[in-house]
Amino acid sequence: MTPFTMPSLGADMDAGTLVEWTRRPGDPVRRGDVVAVVETQKGAIEIEVFHDGTLGRTLVAPGEKVPVGTVLAEILGPGEPMPAEASQSPAPAAAAEPGHAPEPPPAEAPPATRVEPAAAPPAPAAPTPAPSAAGRVVATPAARRRAGEAGIDLAAVPPGPGGVIGLAEVEAVAGRPPSAPAGGETPREARRGGPDLSGMRKAIAAALARSHREIPPYWGSRTIDVTDLYAWLERRNAERPVAERILFAAPLIRAVARALKESPGLNGHLAEDGFRPAEAVHLGIGTALRGGGLVAPALHDADRLDVAGVMAALSDLVPRARAGRLRSSEMTDATATLSSLGEDTSDSLMPLIYPPQVAIVGCGGPVRRPWVVDGEIVVRRVMTVTVGGDHRVSDGRLADRFLARLETVIKEPDAP
């Protein structure tokens, strides 16, 4: 038996609220499956399991707020029997929302099927009304909140596993926002309540105050000529439909990830037993939210993707981050962070490291400046890049080597 605990979704989190279970006791689970949704200041996060097995007892009911590390459920290994009391575990619809009485599940629950909160299957042409208890629809509190936001009648929503309406079922009827490029806005936010922006600001302050107290930082900067990269982008985008055009962020992210791969002292986590360099580059992408707030979800294996792959990943990741629909691995796996202000912004910035990471890269806006090329002064588009490092792990010389390598690879967007 492996305990499934409330994860720490960042240095700024000490507790979370269980929103709903997406699996029931007895359901098989595989590594990477989403089994629960947890609400934090950064929105509703889909929590994945990291072991294959069977979901055993669920020990926390929807609506409960518990500290990080609290055991939420048990994951049974091969051959381990299901505890008798598992049938009495908190059910997905057991918790009541203010103004709604607790509702029992149907007397005979059909076999559970896998529910992926991030998916949005089309609703049937003629929805079957959800089962009810004592004349009331059986739905989780989070589903009721979402339906209220979207103006959806729960009686018209097809139920999910066990005849219970969860967030996934409501989202399927509400419709999901189409993918949008990084830096764009989704036309509609179909989100699970969304992030608590006031709470998020406090959490950001707490995490970065810790960074300021505990990390002895250094910064190094270099101004890099990106004129040729813009010319490359123009050529590539001229061959693509408008909806498939590549943003400047994509080759920039790939170049930063490639340079970090060759600078292991900047890519990893500092734990109590020392620095642990990461084998892959899971680059945190600083993403501004509507109304304020900031998250930096991990773009996994950014160094192994080509530019088109990075663009596709961004088009999925950024809208979900802004809608508050990230996965736990995206909140915890980042090995370093990139904070890019984008075009028409400040020339440079000096960001703070987000612990337990040991480095952060900040990019100012690309601007046109007089530049010396082959002994002549010409107008070029340049960008100032700053890397902040943790002196407990590295020093300025490593940052200088990283920036030099970045200046080279940023001019090689097609390199394998």
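Is E412 buried, partly exposed or exposed? With a relative accessible area of 30%, E412 is partly exposed. Here buried means under 20% relative accessible area, exposed means over 50%, and partly exposed is in between (1.4 Å probe, protein chains only).

Before going further, keep in mind that this is a predicted model, where local features need pLDDT of at least 70 and side-chain atom pairs count only at pLDDT 80 or more, while totals for chains, interfaces and linings use all residues. Residues are numbered from 1 along each chain as its sequence is written, and side-chain values use heavy atoms, with hydrogens and water left out.

**The chain as a whole**

The protein chain has 416 residues, and 50% of them count as buried. Its secondary structure comes to eight helices and 21 strands; these are DSSP runs numbered from the N terminus, with helices (H or I) of at least four residues and strands (E) of at least two. Take the contacts (heavy atoms within 4.5 Å) with a separation of 6 or more: 66% of those in the protein chain are between residues 24 or more positions apart.

**Salt bridges**

| Pair | Closest N and O atoms |
|---|---|
| R258 and E412 | 3.6 Å |
| D273 and R276 | 3.0 Å |
| E330 and R320 | 2.6 Å |

R258 pairs up with E412 at 3.6 Å. R258 sits in helix α5 (residues 249-261) and E412 in the segment after α8 (396-409), so the bridge ties together parts that are 154 residues apart in sequence. On the R258 side, the relative accessibility is 11%, so that residue counts as buried.

The D273 and R276 pair looks like this: D273 is exposed, at 60% relative accessible area, whereas R276 is partly exposed, at 49%.

Then there's E330 with R320, at 2.6 Å. E330 belongs to helix α7 (residues 328-332) and R320 to helix α6 (residues 307-323), 10 residues apart. Both E330 and R320 are buried.

Methods. Salt bridge = Lys/Arg side-chain N within 4 Å of Asp/Glu carboxyl O.
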